[in-house]
Amino acid sequence: MKIKKVSTVVTRVPLGNKKFYSSQAYFSERTSFLVRIETNSGLVGWGEGGQWGPSEPVASVVGSVFSPILIGAESNQPGVIWEKLYSYCRDFGSKGTYIEAISAVDIALWDLMGQALGVPIYTLMGGAFRSKLEPYATGFYYRDTDDFASQKALGSIADEAKSYVDDGFRFLKIKIGLASIADDIKRVEAVRTAVGEKITLMSDSNHAYNVSNALLIGRELQSLGVRFFEEPVVPEDHDGYRILRTNLDMAIAGGECEYTRFGFRELIGKGCVDIVQPDICAAGGISEYIKILALALAHNIMVLPHVWGSGISVAASLHALAATPWQPYTFLPIPLQNEPVVEFDRNYNPLRDELIDPIIKRIGNRVSVPDGPGLGVQVNEEKLAKYATEINHYD
Ligand code: MG
């Protein structure tokens with residue numbers, strides 16, 4: 001089975017009045033970059049590359065740089081193709097855009113290999129430890145840039161928290177870092193008051209702090225029972241990560257801005273995190289996830305992939321999580337303690353909720369892993385035509 005045609009697809013959905021902010025960026029639209037790979041046998045595989053950054057540079061790498069290497073290659077060898085692509089771009093693209101492009105190609109090749117062999121990706125990865133996962137709600141983004149702790153803002157964040165719990169979520173992740181530490185603490189307190197002690201809270205600053213500020217807010221967060229503190233400092237600050245891991249009682253999480261086994265060797269090997277969060281669509285796809293997972297298991301730390309993109313990204317992440325062992329094993333694994341949970345972004349995103357068939361199902365506090373061949377999901381062509389803003393073909 002040889003690769004006959006590679007297509008790059010940029011999808012885009014304006015958010016209108018559903019726009020939001022993290023500590024780093026203003027989101028006026030949701031975008032995803034998708035790769036479609038067609039073989040001479042007629043099979044079609046899909047992959048996704050990148051998270052919230054611009055899609056066009058990733059599309060350009062796949063189209064201009066990688067497609068000449070891919071066309072005519074045997075498709076049932078994602079590991080071999082991964083090494084070829086990485087070896088080609090190592091000198092100028094060992095992080096960021098190039099690895100996001102490799103991720104997209106790699107996921108599409110695993111999708112194809114699964115379809116060719118008639119088995120889900122998780123089977124090719126060694127088998128499924130579970131068929132369902134507990135989701136955690138990622139939400140509580142900022143809707144505006146002021147009045148973070150007004151009565152209205154705190155009332156709205158409390159309502160948001162209650163809506164997730166009413167919907168079946170038992171784990172909630174709160175964005176912090178855009179507001180002052182004092183205002184963000186009030187926001188987390190509002191959530192805790194709204195949902196009570198039984199709901200597990202996590203917090204994510206998207207690397208908004210230096211070490212002293214991260215310590216300051218981290219001590220407040222842990223007194224509110226926040227279970228993990230995600231991306232407290234910039235991804236390059238490994239010493240800062242270690243200081244926080246040593247000085248705070250809560251788990252330190254990070255890794256969504258790290259790439260490949262080489263980047264994760266530093267983050268994991270230097271003892272920076274308790275929970276490592278590779279993004280399957282950014283860190284190097286399924287092939288590289290297997291290697292990052294091995295590094296993490298060897299250091300006895302938990303792997304919880306960062307999940308942000310379209311339905312293709314969610315499906316790929318579910319396969320990866322299905323094949324991720326308990327960390328460590330107990331007779332009765334407990335979600336987030338030693339049983340993986342899956343990040344479930346709750347912001348408006350039709351690329352996640354409409355683009356694939358079948359839609360990823362969440363029933364209460366359970367999400368099912370797709371069990372069809374490959375990714376177990378297909379891109380809905382009608383929806384793709386609605387949301388694609390740029391498609392290029394290479395053959
Ligand atoms: Mg994050």
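Here are some notes on this predicted model, covering its domains, salt bridges, cavities and pockets.

1. **Domains.** Let's start with the overall layout. The chain splits into domain 1, made of 3–118 plus 380–394, and domain 2, which runs over 124–368. Taken over C-alpha atoms, the two centres sit 24 Å apart. On the contact side, 45 residues of domain 1 touch 50 residues of domain 2.

2. **Salt bridges overall.** How many salt bridges does a search of the whole structure find? The count comes to 24. A few of them are worth a look one by one.

3. **Arg130 and Glu339.** This pair forms a salt bridge in which the closest N and O atoms are 2.6 Å apart. Arg130 lies in the loop between helix H4 (121–124) and strand E6 (132–139), while Glu339 is in the loop between helix H12 (311–322) and strand E13 (341–345), so the bridge ties together parts that are 209 residues apart in sequence. Are the two partners buried or exposed? Arg130 counts as buried because its relative accessibility is 7%. Glu339 counts as buried too, at 13%.

4. **Arg261 and Glu288.** Here the closest N and O atoms of the salt bridge are 2.8 Å apart. Arg261 belongs to helix H9 (residues 260–269) and Glu288 to helix H11 (residues 285–298), so this pair links parts that are 27 residues apart in sequence. With a relative accessibility of 0%, Glu288 counts as buried.

5. **Asp345 and Arg352.** These side chains meet in a salt bridge at 3.1 Å, N to O. Asp345 is buried, with a relative accessible area of 3%, and Arg352 is buried as well, at 9%. Keep both residues in mind, as they come back with the largest cavity.

6. **A salt-bridge network.** Which residues are linked in a network of salt bridges? They are Lys173, Lys175, Asp204, Glu230 and Glu343. Glu343 also turns up in the lining of the largest cavity.

7. **The largest cavity.** Searching the whole structure gives three cavities of 30 Å³ or more. The largest holds about 50 Å³ of space. Its lining consists of Val307, Trp308, Gly309, Val314, Glu343, Phe344, Asp345, Arg346 and Arg352. Strand E13 supplies the largest share of that lining, with three residues. Sorted by class, there are four nonpolar, one polar and four charged residues around this cavity. The Asp345–Arg352 salt bridge therefore has both of its buried partners in this lining.

8. **The second largest cavity.** This one has about 40 Å³ of space. Among its lining residues are Thr31, Ser32, Phe33, Glu48, Gly49, Gly50 and Gln51, and also Glu100. Strands E4 (29–39) and E5 (44–49) each contribute at least two residues to the lining, and E4 has the largest share, with three.

9. **Ser310.** Ser310 sits in the loop between strand E12 (302–303) and H12. Its relative accessibility is 0%, so Ser310 counts as buried. Which residues does Ser310 touch, leaving out those up to four places away in sequence? The list is Ser32, Leu34, Glu48, Leu351, Arg352 and Leu355. Of these contacts, Arg352 lines the largest cavity, whereas Ser32 and Glu48 line the second largest cavity.

10. **The largest pocket.** Now for the open spaces. The largest pocket has about 380 Å³ of space. It is lined by 15 residues, and those nearest its centre are Arg143, Asp144, Asp147, Ala153 and Ser156. Helix H5 (residues 151–166) provides the largest share of the lining, five residues. By class, the lining has six nonpolar, two polar and seven charged residues.

11. **The second largest pocket.** The space in this pocket is about 280 Å³. Of its 21 lining residues, Gln51, Trp52, Asn206, Glu256 and Cys257 are the closest to the centre. The lining divides into seven nonpolar, eight polar and six charged residues. Where do the lining residues come from, in terms of domains? At least three come from each of domain 1 and domain 2.

Terms used:
Residues are numbered from 1 along each chain as its sequence is written. This is a predicted model: local features need pLDDT of at least 70, side-chain atom pairs count only at pLDDT 80 or more; totals for chains, interfaces and linings use all residues. Side-chain values use heavy atoms; hydrogens and water are left out. A salt bridge is a side-chain nitrogen of Lys or Arg within 4 Å of a carboxyl oxygen of Asp or Glu. Helices (H or I, at least four residues) and strands (E, at least two) are DSSP runs, numbered from the N terminus. Buried means under 20% relative accessible area, exposed over 50%, partly exposed in between (1.4 Å probe, protein chains only). On a 1 Å grid over the protein atoms alone, a cavity is a set of points where a 1.4 Å probe fits but cannot get out, and a pocket is an open set with protein on both sides within 12 Å along at least five of seven lines; lining residues have an atom within 4 Å of a point. Grid points are joined across faces, edges and corners, and a volume is the space filled by probe spheres set on the points. Ala, Val, Leu, Ile, Met, Phe, Trp, Tyr, Cys and Pro count as nonpolar, Asp, Glu, Lys and Arg as charged, and the others, Gly among them, as polar. Domain bounds come from an automatic or database domain assignment. Contact means heavy atoms within 4.5 Å.
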